[in-house]
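Q: I'd like to learn how to read a predicted model feature by feature. Could you walk me through it?

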Amino acid sequence: MKKNKFEEMIPEELLDGIRTNGIAYIPIGSMEWHGPHMAMGMDTLNVYGVSLLSSNKTGGVVLPPTYIGTESARDPETLRKVGFSGDESIVGMDFPGNSIKSFYWPPELFELIVRHQIEMLRDMGYRLIVLANGHGADNQIEILNRLAQEYSCQRCQVLSIFILFEDSNVGIGHAGLAETAIMLHICPQGVDLERLPARNQKLYNVDYGIVDSETFISGGGPDFAVRYDPRDATAEIGEMLVSHAAAKCAEIVTKSLQNII
Ligand SMILES: [Zn+2]
């Protein structure tokens, strides 16, 4: 198979790629609480896997995964949607009952790192830079979208793609069914379902730090329990989700490539 990991390529191979289509993926995630049953690198492992698969289809290089993500304080309305009373002080997924804290980087520092990465790639001659993002924090998405817009010009296009696509037919969310399935596929050693209670017990959002996307958007059900249950996850569902995301990603990249070459 063609090499695509940036850090493994010799200069002439990099230059070949720049001359051919000039695509570079920057996989960006987080190091964040993903329930008591999953490793904290989930978002980053996912986006790295999707970026490698997408680049197999589109060509281009993939930078090493960026385990640096940012977050912000939850507003009272979101806290109530999840099942809190609304007056708690909570950043991202760091719910009070979690046993360890996430590594959330200050947004200004996060932005500066991505900004420099884009500039170094652009100066090397890359013409299509893909900010592939696996962490759904509002401020992370906003920063990446803004940078993509700011750096896109005639000779260099920058795309910001959030790789958790809503149309996969599997209920997405934080550390729930979809993400657990993806992890079982790409990094099975990073999942231990035994850490969750028996299947007949409900997983309450506030107790486990596991939340459906639907709940974040429109609020939880009457008991604020997880609907898309991580205990139903399989590696097969995960493989389907990763290939779906890679196909969508490759489609967006290919379309964009037609505009610049
Ligand atoms: Zn995640």
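Q: At what angle do the axes of α2 and helix α6 cross?
A: Two packed helices are described by the angle between their axes and the distance between the axes. Here the axes of α2 and α6 (residues 177-186) come within 10 Å and cross at roughly 65°. The crossing is left-handed. The contact involves Met-42, Leu-45, Asn-46 and Gly-49 of α2, with Glu-179, Ile-182, Met-183 and Ile-186 on the α6 side. By class, that contact has five nonpolar, two polar and one charged residues.
As for terms, helices (H or I, at least four residues) and strands (E, at least two) are DSSP runs, numbered from the N terminus. Axes are lines fitted to C-alpha atoms, for helices over the stretch in contact, with angles from 0 to 180 degrees between N-to-C directions. A left-handed crossing has the near helix turned anticlockwise from the far one by less than a right angle, a right-handed one clockwise. Contact requires C-beta atoms, placed from the backbone, within 7 Å. Ala, Val, Leu, Ile, Met, Phe, Trp, Tyr, Cys and Pro count as nonpolar, Asp, Glu, Lys and Arg as charged, and the others, Gly among them, as polar.

Q: What should I keep in mind about numbering and confidence?
A: Residues are numbered from 1 along each chain as its sequence is written. This is a predicted model, where local features need pLDDT of at least 70 and side-chain atom pairs count only at pLDDT 80 or more, while totals for chains, interfaces and linings use all residues.

Q: Is α2 largely enclosed or open?
A: A residue is buried if 20 or more other C-beta atoms lie within 10 Å of its own, exposed if 12 or fewer, and partly exposed in between; C-beta atoms are placed from the backbone. In α2, 13 of the 17 residues are buried, so this helix is largely enclosed by the rest of the structure. After α2 comes Gly-59, with a positive phi near 85°.

Q: Which residue other than glycine has a positive phi near 55°?
A: That is Phe-224, in the loop between α8 (213-218) and α9 (235-260). Phe-224 is partly exposed, with 19 other C-beta atoms within 10 Å.

Q: In what order do the four strands of the open sheet run?
A: Strands of a sheet pair through backbone hydrogen bonds, either parallel or antiparallel. In this sheet the order is β2-β1-β5-β6, with parallel pairing; a pair needs at least two DSSP bridges. β2 (61-62) and β6 are the edge strands. β5 (residues 128-133) and β6 pair over six bridges, and Ala-132 stands opposite Ile-161 in β6.

Notes
Contact = placed C-beta atoms within 7 Å.
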